[in-house]
Amino acid sequence: MQESKYIQNIDYSELEKKFEVRDFPLNVAVEPSNFCNLKCKMCGNKDLKRSRGHMDMALYRKIIDEIAETNPMTRLWLDFYGEPLLERYKLYFMIDYAKKKGLANVNMNTNGTLLSTEMIDMLLDSGIDFISIDMDAFSKEVFETIRSGADRDVVYENVRRFIQRKEMRGCKKPVLEIKVIEMPENQAEIQDIIDYWKQYKIRINVRKLATWGGNVNVSASGNCLQEERSACGYAIGQFAIAWDGRVAVCGWDAELKGQIGNINEESIQQIWKRKKDTIIKAHMEHRFDELPDICRNCTDWRCAGGELRLDETGMLYDRNYNSNADMLK
């Protein structure tokens with residue numbers, strides 16, 4: 001893969017200085033389900049080996065209640081390794097419950113295929129704060145090669161409709177973002193994607209290709225090159241909960257190879273403290289040989305920085321590592 005024109009080279013030792021070991025995770029990812037309607041080239045969901053299912057609402061409420069009580073500014077992500085819009089109206093109730101409990105930062109990633117007018121209005125009604133929509137190509141041929149099962153023209157129209165209905169209804173939220181994963185197949189089209197969506201005054205994020213904890217072979221991208229290692233921002237800042245309550249070592253651990261607890265049996269704080277005292281501590285002290293296998297052999301830590309991030313005006317902006325009201329800006 002040729003050198004990226006979009007993703008900047010990162011001094012990981014400098015990036016590491018921004019990391020803070022917190023008493024509660026900065027990001028909590030909750031998996032409504034791990035089903036997906038696509039079979040994307042760079043995603044291992046289609047080959048997922050762990051059991052599939054849907055999160056029980058009693059378990060979900062337990063998670064939200066603890067976040068609301070401990071730090072309502074925590075970023076809640078209503079996805080982990082599935083397409084959240086497949087949950088349809090249940091997703092509305094999940095968002096609505098979190099917002100009514102006072103969570104200020106409810107987020108979601110989606111492939112955009114299911115953004116019908118009805119679904120868009122439901123999301124606008126729900127109060128969700130941020131939605132990132134996958135958009136990995138400009139041409140129909142490349143888009144549908146990467147995102148098998150999707151129709152490029154339908155997804156593009158869905159996003160345009162979302163922007164129009166948001167403006168028509170006068171809604172300030174959700175903030176919308178177009179997310180592009182750079183890979184050999186789409187590198188020649190990334191500037192076309194940026195130029196097209198900038199006219200709609202929507203945020204754009206170009207990010208690195210990941211292996212999802214070794215589940216996807218991306219050696220052709222150069223992402224597997226090992227360099228002097230730094231602490232992983234995903235291990236330090238993420239808490240990922242699968243649909244059945246099991247907790248992954250981080251958001252890249254799609255198969256839960258490094259399971260560190262179960263929310264059915266413990267609280268977020270109990271599991272996080274154990275992770276902080278072992279895995280996070282080892283990261284920060286660069287004792288990488290003491291990490292679980294999935295962390296020790298991981299290359300996805302390199303995805304923690306370097307993204308091209310453009311705001312609604314097309315200006316560059318940086319990721320915010322705060323856990324207070326500043327992170328909402």
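Guide: A crossing of two helices is called right-handed if the near helix is turned clockwise from the far one by less than a right angle, and left-handed if it is turned anticlockwise. The model shown above is predicted.

Visitor: Is the crossing of H3 and H4 left-handed or right-handed?

Guide: Helix H3 covers residues 89–100, and helix H4 covers residues 117–126. The crossing of H3 and H4 is right-handed.

Visitor: Which word describes the direction of H3 relative to H4: parallel or antiparallel?

Guide: The axes of H3 and H4 are 9 Å apart, and the angle between them is about 15 degrees. Angles under 35 degrees count as roughly parallel. Therefore H3 and H4 are roughly parallel.

Visitor: How many nonpolar residues are in the contact of H3 with H4?

Guide: The H3 side includes Tyr-89, Leu-91 and Ile-95, and the H4 side includes Met-122 and Leu-123. The residues of this contact also include four charged and one polar. The number of nonpolar residues is six.

Visitor: What span should H6 have, at 1.5 Å a residue?

Guide: Helix H6 runs over residues 152–169 and has 18 residues. The expected span is 1.5 Å times one less than the number of residues.

Visitor: Which strands are included in what covers the buried residues of H6?

Guide: Among the buried residues of H6 are Val-155, Tyr-156, Phe-162 and Ile-163, and also Arg-160 and Lys-166. Their cover includes the helices H4, H5 and H7. It also includes the strands E5 and E7.

Visitor: Where is Pro-174 found?

Guide: The peptide bond from Lys-173 to Pro-174 is cis, with omega near 5 degrees. Pro-174 is found in the loop between helix H6 and strand E7.

Visitor: What is the relative accessible area of Arg-88?

Guide: Arg-88 has a positive phi, near 50 degrees, in a residue other than glycine. Its place is in the loop between strand E3 and helix H3. Arg-88 is partly exposed, and its relative accessible area is 40%.

Methods:
Residues numbered from 1 in each chain as written. Predicted model: local features only at pLDDT ≥ 70, side-chain atom pairs only at ≥ 80, totals over all residues. Heavy atoms only, no water. Helix = DSSP H or I, 4+ residues; strand = E, 2+ residues; numbered from the N terminus. Buried < 20%, exposed > 50% of the residue type's maximum accessible area, 1.4 Å probe, protein only. Axes fitted to C-alpha atoms, helices over the stretch in contact; angles between N-to-C directions. Parallel < 35°, antiparallel > 145°, perpendicular 65-115°, else oblique. Contact = heavy atoms within 4.5 Å. Nonpolar A, V, L, I, M, F, W, Y, C, P; charged D, E, K, R; others polar.
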